[in-house]
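Dear colleague,

Please find below the structure that I am handing over to you, together with its sequence. My findings follow directly after it.

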Amino acid sequence: MVTQITRGIKISVLTSFEGTYFKNYKIHFAFSYEITIENHSKDSVQLMSRHWEIFDSLNNKDFVDGEGVIGKKPVLKPGESHTYSSGCLLSSPFGAMKGYFNMINFTSTKSFRVIVPTFRLSAPFALN
């Protein structure tokens with residue numbers, strides 16, 4: 001598990017290898033990740049959007065931007081948390097992701113960015 005705290009918002013990430021499959025005559029490596037967002041600040045906040053940088057060992061890099069997470073824009077009061085699961089496909093058995101969440105602080109009405117630390121994606125069968 002990797003964790004990071006930005007402005008009182010703690011991000012924790014767990015990853016898992018889900019398997020391989022063929023699509024369009026290519027092998028794909030499927031990974032899932034579970035992210036927990038904990039509000040350790042004194043203000044209520046809302047996650048508005050996300051930005052991901054997805055890397056694989058074949059030097060492919062993808063960028064993903066979107067509203068909320070899995071169709072939700074969770075509001076977190078002080079002491080609350082939100083956990084969600086998602087996934088990605090890589091063209092190799094190794095990779096990593098990193099990114100950030102754009103949040104809004106309801107007390108100050110200001111936007112701020114919460115860093116999602118780099119987390120590794122690796123297929124256990126490929127590890128030495």
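Strand S1 and strand S2, the latter covering residues 9-23, run antiparallel and are joined by five bridges. One point at which to locate this pairing is Thr-3, whose bridge partner in S2 is Ser-12. Please bear in mind throughout that this is a predicted model.

The two strands belong to an open sheet of four strands, ordered S1-S2-S3-S7, with antiparallel pairing. The edges of this sheet are taken by S1 (2-6) and S7 (81-90); each of these has a single partner strand, so one side of each is left without a neighbour in the sheet. On average, and with direction ignored, neighbouring strands of the sheet are turned by 25° against each other.

As to the chain as a whole, nine strands and zero helices are present. Read from the N terminus, the order of elements is accordingly β-β-β-β-β-β-β-β-β. The C-alpha trace spans about 50 × 25 × 20 Å along its principal axes. Among the contacts with a separation of 6 or more, 64% are made by residues 24 or more positions apart.

Burial and surface may be summarised as follows. The chain has 128 residues, of which 41% count as buried. Its accessible surface comes to about 7,400 Å², and carbon and sulfur atoms account for 50% of that area. With regard to charge, there are 14 positive and 10 negative side chains. The centres of these two sets lie 4 Å apart.

Is Phe-112 buried or exposed? The relative accessible area of Phe-112 is 8%, and residues under 20% are classed as buried, so Phe-112 is buried. Leaving aside residues up to four places away in sequence, Phe-112 touches Arg-7, Ile-9 and Val-45, as well as Phe-101, Asn-102, Met-103, Ile-104 and Asn-105. Phe-112 and Leu-47 are 65 residues apart in sequence, while their C-alpha atoms are 9.7 Å apart in space.

Yours sincerely

Key. Residues numbered from 1 in each chain as written. Predicted model: local features only at pLDDT ≥ 70, side-chain atom pairs only at ≥ 80, totals over all residues. Heavy atoms only, no water. Pairing = 2+ DSSP bridges. Axes fitted to C-alpha atoms, helices over the stretch in contact; angles between N-to-C directions. Buried < 20%, exposed > 50% of the residue type's maximum accessible area, 1.4 Å probe, protein only. Contact = heavy atoms within 4.5 Å. Areas by Shrake-Rupley, 256 points an atom, 1.4 Å probe, with all protein chains shown as cover. Lys, Arg positive; Asp, Glu negative; His and termini not counted. Charge placed at Lys NZ, Arg CZ, Asp CG, Glu CD.
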